Amino acid sequence: MSERPRLTVLSGPSGVGKSTVVVHMRQQHPEAWLSVSATTRRPRPGEQHGVHYYFVDNDEFDKLIANGELLEWAVFAGNRYGTPRAAVLEKLENGVPVLLEIDLQGARQVRESMPEALLVFLAPPSWDELVRRLTGRGTEPQDVIEKRLEAAKVELAAEAEFDVTLVNSSVEQVVDELLALLGVV
Ligand code: 5GP
């Protein structure tokens, strides 16, 4: 029997609900280790440094890149996000399952640098449902909505690059499936 892949990457189109899945997983199974990313984005209310993200400025992020401290990094909506390498490797060496929740550009980089990683694509239940989530209450201008939907089409086409697809029809079910893939339950 082959050994279970211990680095698992959760990715998927924006608006599909990755962060909701991760929040539920953390509540139910705090022992599942989720990598804490560095970001140049400002904290949202309630977000804590070192818990949700390491909030850094542009100079600090430049240094992380220059020192090779990031396993992967990407620009998303005008901010930079990256996975600190050392903590991930330390956990893996100690046999702890590791989950990364990152965007598609990051998932592709992990595929290149750690081909043994398990890439999980979180898919919307349907195109109409994704449109509904992305357009929200319809308060945004039509051209912005059009751009988001175009981007979503491109993002959905990335599914074929992934090892496993989980359909986000029920958060509880996706969390269970993810925990099983991680080998936590
Ligand atoms: P948010 O600003 O809403 O927390 O996250 C925006 C996007 O950045 C999400 O799609 C999230 O998955 C992605 N993201 C968070 N951390 C990382 C990271 O370390 N690397 C990459 N590539 N994307 C990340």
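**Notes on the predicted model**

1. Strand E1 (residues 7-11) runs parallel to strand E8 (residues 118-123), and four bridges link the two. Inside this pairing, Leu10 sits opposite Val120 in E8. Keep in mind that this is a predicted model.

2. Now place that pair in its sheet. Five strands make up an open sheet in the order E2-E7-E1-E8-E9, with parallel pairing. Which strands sit at the edges? They are strand E2 (33-34) and strand E9 (164-167), each of which pairs on one side only.

3. Stepping back, the chain has seven helices and nine strands. Of its contacts between residues at least 6 apart in sequence, 67% connect residues at least 24 apart.

4. What about the overall size? The C-alpha trace spans about 50 × 45 × 30 Å along its principal axes. The radius of gyration is 16 Å, which agrees with the value near 16 Å for a compact globule, because that is what 185 residues would give.

5. How much of the chain is buried? The answer is 41% of the 185 residues, where buried means under 20% relative accessible area. As for the surface, the chain exposes about 10,300 Å², and 51% of that comes from carbon and sulfur atoms.

6. Last, have a look at the charges. The chain carries 19 positive and 28 negative charges, and the mean positions of these two sets lie 3 Å apart.

How values were computed. Residues numbered from 1 in each chain as written. Predicted model: local features only at pLDDT ≥ 70, side-chain atom pairs only at ≥ 80, totals over all residues. Heavy atoms only, no water. Rg over C-alpha atoms; globule rule 2.2 N^0.38 Å. Buried < 20%, exposed > 50% of the residue type's maximum accessible area, 1.4 Å probe, protein only. Contact = heavy atoms within 4.5 Å. Areas by Shrake-Rupley, 256 points an atom, 1.4 Å probe, with all protein chains shown as cover. Lys, Arg positive; Asp, Glu negative; His and termini not counted. Charge placed at Lys NZ, Arg CZ, Asp CG, Glu CD. Pairing = 2+ DSSP bridges.
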